[in-house]
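Subject: Structure for you, with notes

Hi,

Here is the structure I promised to hand over. Please open it alongside this message.

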Amino acid sequence: MAIADQDAVALRIQSILNNSATEEKKTETEPEDDSSSSEDENAQKSGNVRSRRPGNRFWKNEKTRFTTLIASKGLKQSFEAQQKLRNELKHARELSRSVKEKRAQMKQAKRERRKESKRRQEENARKSEIVQVIKNPAKLKRLKKKQLRNIEKRDTLGSV
């Protein structure tokens, strides 16, 4: 059985002993009556309304909150075991950090490749365009709106 289980059993035994001791004191001080009204009056006097079991179910005990229970500290590890555990945790953190860095580098490389390919694609599209130089600007005035929308200005000389 684990240490925590043993502590829980010990706490349970203590609570049972305490409950039985308080019940013995009550029986010594006042005689029991079969009437339920006297129990209600006693509960109201003491201020503990929840002490009475619901529907006289004797197996229903008053529940204790987790905050009232005393938690055991557990087994103490030796210094070497603690050091070993620390080193293992440190190693695991380093591994996770290196994996994260690797992923970030891969993402960055992918982003750069995408950017470069997009730049090349735009450059190739510009090179393959069919360009017609408009020498007579008066022609522009005669064009319809739809045709004007398709016209774009370009640097035909380029950076030579």
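Predicted model: local features only at pLDDT ≥ 70, side-chain atom pairs only at ≥ 80, totals over all residues.

The overall picture

The protein chain has five helices and zero strands. Its pattern along the sequence is α-α-α-α-α. The accessible surface of the protein chain is about 16500 Å². Carbon and sulfur atoms account for 53% of that surface.

The salt bridges

How many salt bridges does a search of the whole structure find? The count is three. Side chains of opposite charge can pair when their charged atoms come close. Here are the pairs, in sequence order.

- E116 with R119: the closest N and O atoms are 2.3 Å apart. Both residues lie in helix 3, which covers residues 79-127. They are three residues apart, about one turn of the helix.
- R119 with E123: the side chains meet at 3.0 Å, N to O. R119 and E123 are about one helical turn apart because they sit four residues from each other in helix 3.
- E123 with K127: the closest N and O atoms are 3.7 Å apart. The cut-off for a salt bridge is within 4 Å, so this pair counts at 3.7 Å. E123 and K127 are four residues apart in helix 3, so about one helical turn separates them.

How they connect

Which residues are linked in a network of salt bridges? They are E116, R119, E123 and K127. R119 pairs with E116 and also with E123. E123 in turn pairs with K127.

Exposure along the network

Are these side chains buried or exposed? E116 has 33%, so E116 is partly exposed. R119 is partly exposed too, with a relative accessible area of 42%. For E123 the value is 31%, again partly exposed. K127 has 63%; exposed means over 50%, so K127 counts as exposed.

Best wishes

Conventions. Residues numbered from 1 in each chain as written. Heavy atoms only, no water. Helix = DSSP H or I, 4+ residues; strand = E, 2+ residues; numbered from the N terminus. Areas by Shrake-Rupley, 256 points an atom, 1.4 Å probe, with all protein chains shown as cover. Buried < 20%, exposed > 50% of the residue type's maximum accessible area, 1.4 Å probe, protein only.
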